[in-house]
Amino acid sequence: MCLGVPGKVVDVDRDRNTATVDFWGVKKEVRLEVCDAPVAPGDYILNHVGFAIRRIPPEEAVETLALYDELLRLADDQ
Amino acid sequence: MTRNARFIDERITLKYGTGGGAMRALIEQIFAKGLGDLGEGNIGLAAMDDGAAIRLGDRYLVITTDSHVVQPIVFPGGDIGKLAVAGTVNDLAMMGATDPLALTCAAIVEDGFSREMLKSIWESIRASCEEAGTTIVTGDTKVMGHGELDGLVLNTTGVGITDRIVTDAGLEPGDQILVTGTMGDHGLAIMATRNELALETELVSDVAPINAMVRRALEAGGDGIIALKDPTRGGLSSALHEMAEKSGVGIVIDEPSIPLRDEVRAVGELLGIDPLVSANEGKAVFGVRPESAAGVLDAIRSHPLGRNAAIVGECVAERPGFVVLDTGFGSRLLSEAEGELLPRIC
Amino acid sequence: MRPNDALQQLKFRDPVRARALRDALERLVWRADHAPVSVMHVCGSHEQAIAKFGLRAAFPRDLQVIMGPGCPVCVTDVPEVDEAVALAKQGVRIASYGDMLRVPGTSQSLADAKADGAQVDVVYSVTQAVDLARDTDEELVFFASGFETTAVATAAVLLDDPPDNFSVLSAHKYIPPVMEIVAEMPETKIEGFLAAGHAATITGSAVFEKFVERHGLPVVVAGFEPLDVLAGLVRLLELINAGEAKVENAYPRCVTREGNAHAQELLWRVFRPTGGRWRGIAHVPNGNLRLRDEFAHYDTRKRFTIDASALWSYAPPKLVQQCQCGDIMAGIASPSDCALFGNECTPDTPVGACMVSAEGTCKIWHQYGGHPDLSSMKRGVA
């Protein structure tokens, strides 16, 4: 129900409370009022209708992949 | 099997202009009724091909016409002038006529349109004609009241002579499907310029005359090239659906092999739009016999406009008229665009 | 996707891992003591992901992954669309997300009203709708569709004092309550839920804990890449086979147990949950989000008298009563069981939610001409 696209923060405008975010080479300004944590260049955010709704800690992406490998290992054992 | 259901509405709406099933139904039900039949060995309206072909002795006179309405009139990678020339030159090439004899150009201009803008659009018409090796020999000019149209509309018609007609039909199971470069560039480049989306990207339209590239491919592939179609409105999806429908074959496409620019993929993801239904204005889809595929691919890749060309699928006997996309994770029926491309949130 | 993307977006579309997860799913479904195993996802974006990557053709035949009422397009009820269309025909300028443009009301969609000359603008974000309002002094109504994830953006805009000619016609929805409805459907065969990752990014996975206790059905929160969907289903099948009713978070990169507290605070400061009919299902208590009284000033329903009855001069279609979308979504009927399917109800003349949504069960069956099975369409030499 909600198209969410991850992107990398390139620049933050404190007084307008927005961030310039790079989505695979396409840059777009995204509003930060709804984000769950302060962001800085280099962070990843999840964009939905032009608002950052989540700061994605890079290690979380790695953790999710490890979770899948764990699932596979368990499934193989059964 | 229900396929492109016939569309019977009392009013013509935007979905009739997307190059998909609704448009083909409109042509069949109204425009081609009682018209366009030139008899045996000729190609008229009913074929709904990229152009018409009239036999002259042992050769063919090919005619094609196209109207161009694009907003904005000037866009990254080109303008309405370049689009008007390339669109018609490419349609002639899709019929096998890769040396256009001449073009016409009719302009409908909105009252108050800037003279400077008109001069720069004609500058790019001149440049595109030169690139395609042709010129404009006649035309027409109309001016309409302010607000009655969106700035400028251009209609171009092209004529060419060819010994051999290539239609967009005649494919058989085993024939290979080839695209001459990255897909979806024009449609999404135009979408990305809409200021309110505030997208910053180097994505540019691929608009260009490709008759020289197609000529090189025809010389290499000869009769091995069975079908040609330019994937403009409705993108690769509509082009493939027409080819599959007219040849009575199914088409299976290997999605990972379809060349896509990163920016096109990015804008598509951001707006929820599938690049395979986004228009191309400097590309062609080839249907080629298996034994000629490699030779044709090399010939196209040797041309600057074809360096990203790739073989993306093949024809099969099952599900005639349908296009199946093998995604690498599973497979799905490719659907055609319904109405204009709109950004999605869900 | 640029390979050097640090987020390893490519990794979540790695076909090798996907095939391994799919084989794991096959084994789990085979090991279940009954067939078919029916699970439900309640999210249009899950259905888009399943369709876009062609996963449906890869699912084990005995696994039914049913699309529940989770796409704001198909569950926005006729009266809400009629309100927007009626306003447009009264000459009021409407801004709307693209998804809602072609959704039919009683007699017309916003696209039909636009064809009649009404002013309807498609926007990518509510921010654009506010910008449109700033550029004009005539009224600008934002037809606000979407679930809690999208409603949060509308809330943020309303808290940023938009211009006075801007107002919101809220058709926002809230997911958790509808899962109750589907779980309580008498003969539902649903054994577990795949919950939407982006809505849960806002609400947190804790919001499903009471549901799991009450109904004893496992819930797995999943993302939208092919690996996310497959891994979510593998985890769900493991819980079903083990008979464990738990909430699991298979999308930790975006979802936490508490969710985005700041966003929740904004949401509930501006919106209140209220009961309402969802197209093709039933009355869903607390399923609709409407503006609180403090925001009456921006509430279209308070600012205009909306005369939708003019649209009802054509008697509201009796067809809707025969529509079986509710049963289809509960997994107890399939499109071919419905008399309207392919006759009065087609993609061009949709009656119920499952035909309206671009990826609804009926829409897919109509396009595939029956149960979507493409196994026969294999390519010869690649």
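Contact, in this account, means heavy atoms within 4.5 Å. By that criterion, 24 residues of domain 1 of chain B are in contact with 21 residues of domain 2 of chain B. The structure is a predicted model, in which local features need pLDDT of at least 70 and side-chain atom pairs count only at pLDDT 80 or more, whereas totals for chains, interfaces and linings use all residues. Residues are numbered from 1 along each chain as its sequence is written, chains are lettered from A and ligands numbered from 1 in the order in which they are written, and side-chain values use heavy atoms, with hydrogens and water left out.

One salt bridge is counted between them, a salt bridge being a side-chain nitrogen of Lys or Arg within 4 Å of a carboxyl oxygen of Asp or Glu. D99(B) forms a salt bridge with R215(B), and their closest N and O atoms are 2.8 Å apart. Eight residue pairs, both members at pLDDT 80 or more, are in polar contact across the interface of domain 1 and domain 2 of chain B. A polar contact is a pair of N or O atoms within 3.5 Å; within protein, one must be able to donate a hydrogen and the other to accept it, and residues adjacent in sequence count only if both atoms are side-chain atoms. On the side of domain 1 of chain B that touches domain 2, α2 (80–94) and α3 (115–132) of chain B each supply at least two residues. The largest share of that side, nine residues, comes from α2(B). Helices (H or I, at least four residues) and strands (E, at least two) are DSSP runs, numbered from the N terminus.

Chain A meets chain B through 14 residues of chain A and 16 residues of chain B. The two chains bury about 1200 Å² between them, with 67% from carbon and sulfur atoms. L3(A), W24(A) and V26(A) supply 45% of the area that chain A buries against chain B, more than any other three residues. Zero salt bridges are found across this interface of chain A and chain B, and three residue pairs are in polar contact, both at pLDDT 80 or more.

The interface of chain A and chain C takes 39 residues from chain A and 56 residues from chain C. Chain A and chain C bury about 3900 Å² between them, 64% of it on carbon and sulfur atoms. One salt bridge is counted between chain A and chain C; R31(A) pairs with D160(C) in a salt bridge whose closest N and O atoms are 3.3 Å apart. Across this interface, 11 residue pairs are in polar contact, both at pLDDT 80 or more. β3 (26–31), β4 (44–48), β5 (51–56) and α1 (58–77) of chain A each supply at least two residues of the side of chain A that touches chain C. The largest share of that side, 13 residues, comes from α1(A).

The largest nonpolar core has 116 residues, of which L110(C), F142(C), F166(C) and F193(C) touch the most other members. Helix α7 (residues 148–158) of chain C gives the most to this core, with seven residues. Domain 1 (35–314) and domain 2 (319–368) of chain C both give residues to this core, so the core lies between them. A nonpolar core is a set of buried Ala, Val, Leu, Ile, Met, Phe, Trp, Tyr and Cys residues joined through side-chain atoms within 4.5 Å; buried means under 20% relative accessible area, exposed over 50%, and partly exposed in between (1.4 Å probe, protein chains only).

Note on methods: Domain bounds come from an automatic or database domain assignment. Buried area is the accessible area (1.4 Å probe) that two parts lose on being put together, summed over both.
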